[in-house]
Amino acid sequence: MSDLEYLSCSDVADHLASTTTSIIDVRGVDEYSYGHLPGSVNIPSGKWDDANFVDSVVTSYADADRLVFHCMHSQKRGPTCARIFKTRMNLSESSNKPKM
């Protein structure tokens with residue numbers, strides 16, 4: 001059993017239409033600049049090693065209902081960054097915990 005929920009494209013579209021869902025694209029800046037999902041925010045996977053940085057991301061997304069971590073090229077970077085986020089989120093004092 002996975003600790004993350006994997007979503008289909010149609011699931012993501014449904015969530016974007018009905019909830020406060022944010023898409024975090026974890027590809028590098030160059031990859032993101034070649035094309036990305038509308039409304040996504042680029043936070044490259046290389047930044048996720050810094051706990052203070054991740055804590056600031058957790059704080060900035062405290063009001064989101066759901067976060068989608070996206071990487072077009074692999075099924076490793078997105079889930080890895082989501083797990084890092086989730087670990088730091090669970091250590092925070094925020095009462096809101098977005099679904100991932």
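Arg66 is buried, with a relative accessible area of 6%. That value comes from a predicted model. The cut-off for buried is under 20% relative accessible area, so Arg66 qualifies at 6%.

What does the side chain of Arg66 meet in a salt bridge? The partner is Glu5, at 3.1 Å from N to O. Arg66 sits in strand S3 and Glu5 in the segment before H1, so this pair ties together parts that are 61 residues apart in sequence. Glu5 itself is partly exposed, at 42% relative accessibility.

Three strands form an open sheet. The order is S2-S1-S3, and the pairing is parallel. Strand S2 (41–42) and strand S3 (66–70) are the edge strands, each pairing on one side only.

Strand S1 (residues 21–25) pairs with S3 in the parallel sense, over five bridges. Ser22 stands opposite Leu67 in S3. Asp25 stands opposite His70 in S3. S1 and S2 also run parallel, joined by two bridges. There, Ile24 stands opposite Val41 in S2.

## How the strands are enclosed

Is S1 buried or exposed? Five of its five residues are buried, so S1 is largely enclosed by the rest of the structure. In a regular strand the side chains alternate between the two faces of the sheet. Both faces of S1 are covered. Thr21, Ile23 and Asp25 are buried on one side. Ser22 and Ile24 are buried on the other. S3 is also largely enclosed by the rest of the structure, because four of its five residues are buried.

Helix H1 (residues 9–18) lies across S1 and S3. H1 runs at about 130 degrees to S1.

Ser22 is found in strand S1. At 18% relative accessibility, Ser22 counts as buried. The cut-off is under 20%, so 18% is enough for Ser22 to count.

Which residues does Ser22 touch, not counting residues up to four places away in sequence? They are Tyr61, Ala64, Arg66, Leu67 and Val68. Among them is Leu67, which also stands opposite Ser22 in the sheet. Arg66 is another of these contacts, and Arg66 carries the salt bridge to Glu5.

## Helix H4

Helix H4 covers residues 77–91 and has 15 residues. From first C-alpha to last, H4 reaches 22 Å. That is close to the 21 Å expected at 1.5 Å a residue.

The buried residues of H4 are Gly78, Pro79, Cys81, Ala82, Phe85 and Met89. They cover an arc of only 160 degrees around the axis, which puts them on the same side of H4. An α-helix has 3.6 residues a turn, so residues three or four places apart point the same way. What do the buried residues of H4 pack against? They pack against helix H3 (51–60) and S3.

## Salt bridges

How many salt bridges does the structure hold? There are four. Side chains of opposite charge can pair when their charged atoms come close.

Another joins the side chains of Arg77 and Glu31, at 3.2 Å from N to O. This pair links distant parts of the chain: Arg77 is in helix H4, Glu31 is in helix H2 (residues 29–34), and they are 46 residues apart. Arg77 is partly exposed, with a relative accessible area of 23%. Glu31 counts as partly exposed too, at 24% relative accessibility.

Arg88 forms a salt bridge with Asp55, with the closest N and O atoms 2.8 Å apart. Here the link runs from Arg88 in helix H4 to Asp55 in helix H3, distant parts of the chain that are 33 residues apart. Arg88 is partly exposed, with a relative accessible area of 25%. Asp55 is partly exposed at 26%.

Notes:
Residues numbered from 1 in each chain as written. Predicted model: local features only at pLDDT ≥ 70, side-chain atom pairs only at ≥ 80, totals over all residues. Heavy atoms only, no water. Pairing = 2+ DSSP bridges. Contact = heavy atoms within 4.5 Å. Axes fitted to C-alpha atoms, helices over the stretch in contact; angles between N-to-C directions. Expected span 1.5 Å × (residues − 1). Buried < 20%, exposed > 50% of the residue type's maximum accessible area, 1.4 Å probe, protein only. Arc of directions from axis to C-beta.
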